[in-house]
Amino acid sequence: MSPLPNRRDEEVRRLLDTPHPAVPVDLAARAVLRGRRIVRRRRIEHTVLWALLVAAAIAGIVLAVLAWPDHSTPPVPSDNWWPTNGPN
Amino acid sequence: MSPPAPGETAKGVDLNARLPSHGGVGRRRAAADSRRDAEFAAFTAGAGGRLLHTATLLTGDPAAADRLLTAVLARVYADWFRMRADDPYEQARSELVRRFHHRPWWNRPRGGDLDRLTGQERLVVTLRFFEGVAEEQTAAQLGLPADRVRAICARATATLRSRPATPAAASVAEARSARAAREQRAAHAGKAGPGTPGGSPAADGPAGARDPVAASSPSGPSGSHRYEGTP
């Protein structure tokens with residue numbers, strides 16, 4: 001929190017402030033190949049998940065259309081156990 | 001509908017310019033990929049050295065740093081279009097910190113400039129002093145309170161500034177026996193020093209007057225830390 005430069009901090013900074021190590025020449029190429037693999041895997045995952053989602057939606061719609069109950073005619077109670085023709 | 005044109009493959013990238021086959025996906029994706037390749041190559045050429053330095057400071061081992069940085073850069077490459085206006089360097093650094101922070105316990109860093117620090121102290125010291133990240137930002141990234149980060153930083157600084165002493169004892173008993181041996185050696189040398197036929201205390205000069213232990217064993221292991229005086 002102190003805005004003033006600290007002598008101890010400066011010492012540690014100087015300790016860390018060495019020249020950068022040499023970067024291997026194929027580091028970027030390896031990273032790119034691995035990154036492409038990640039991208040491809042991600043793309044496949046997204047494709048599969050979207051396909052599943054679309055298939056589930058279509059299946060839900062089809063099931064709803066096929067199995068929707070028909071309420072246009074009231075159900076006729078036929079097999080009740082209690083008498084239905086008046087009291088007594 | 002057409003395979004990627006050979007002219008559109010990554011220019012200026014020495015990646016043998018092999019793009020993944022796009023079948024019939026189209027040339028828009030190929031163009032995006034080539035743009036990503038070019039931008040990523042520029043970014044790596046600019047920031048690779050510094051990132052590798054950070055990774056080396058963290059892991060303490062060039063091979064481990066190389067592996068860590070490859071994974072981090074691959075992730076940055078894959079997320080290149082997800083970060084719209086963010087700084088890719090910030091992204092890479094936070095990814096580096098995240099990966100290093102969540103390493104398993106058997107993958108402990110050893111060696112390097114920060115050999116005597118633990119993994120968390122390495123992270124804090126590197127972020128604060130090498131990368132120049134603010135205290136609050138470091139705390140937020142590591143999921144710690146800012147006071148804790150300050151305390152860790154102070155402790156690591158003290159550890160780094162202390163002289164590289166003898167390696168730490170494995171146990172308390174070992175430390176006690178080592179100290180007893182040291183005291184015994186010192187007492188023995190102090191007793192035998194004046195009686196030595198070769199060297200009289202006057203020959204040792206002012207060093208003998210200042211420090212009898214150091215004067216009695218001029219070529220001992222403690223000789224390197226003895227104050228030699230100004231010429």
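**View 1. The side of chain A that touches chain B.** In this predicted model, 24 residues of chain A are in contact with 29 residues of chain B. Two elements of chain A, α1 (7-16) and α2 (27-67), each give two or more residues to the side of chain A that touches chain B, and the largest share of that side, 13 residues, comes from α2(A). Sorted by class, the residues on the side of chain A that touches chain B comprise 13 nonpolar, 2 polar and 9 charged. For the complex, the predictor gives an ipTM of 0.72 together with a pTM of 0.64.

**View 2. The crossing of α2(A) with α1(B).** The axes of α2(A) and of helix α1 of chain B, which spans residues 27-59, come within 10 Å and cross at roughly 140°. The crossing of α2(A) and α1(B) is right-handed.

**View 3. Residues at the contact of α2(A) with α1(B).** On the α2(A) side, the contact is made by L27(A), A28(A) and V32(A), while α1(B) brings D37(B), F40(B), A41(B), T44(B) and G48(B). Divided by class, the contact of α2(A) with α1(B) holds 5 nonpolar, 2 polar and 1 charged residues.

**View 4. The helices of chain B.** The secondary structure of chain B consists of 10 helices and 0 strands, so that its pattern, read along the sequence, is α-α-α-α-α-α-α-α-α-α. Chain B has 231 residues, of which 26% count as buried. Where contacts in chain B join residues at least 6 apart in sequence, 53% of them join residues at least 24 apart.

**View 5. Confidence along chain B.** Chain B has a mean pLDDT of 76, with 67% of its residues reaching 70 or more. Among the elements of chain B, helix α2 (residues 62-78) has the highest mean pLDDT, 94, whereas helix α8 (residues 201-204) has the lowest, 40. Over residues 1-17 of chain B the pLDDT is below 50, and this stretch has 31 contacts in the model beyond near neighbours in sequence. Residues 193-231 of chain B also have a pLDDT below 50, and for this stretch the model shows 19 contacts beyond near neighbours in sequence.

Notes:
Residues numbered from 1 in each chain as written. Chains lettered and ligands numbered in written order. Predicted model: local features only at pLDDT ≥ 70, side-chain atom pairs only at ≥ 80, totals over all residues. Contact = placed C-beta atoms within 7 Å. Helix = DSSP H or I, 4+ residues; strand = E, 2+ residues; numbered from the N terminus. Nonpolar A, V, L, I, M, F, W, Y, C, P; charged D, E, K, R; others polar. Axes fitted to C-alpha atoms, helices over the stretch in contact; angles between N-to-C directions. Left-handed = near helix turned anticlockwise from the far one by under 90°. Buried ≥ 20, exposed ≤ 12 C-beta atoms within 10 Å, placed from the backbone. pLDDT = per-residue confidence, 0-100.
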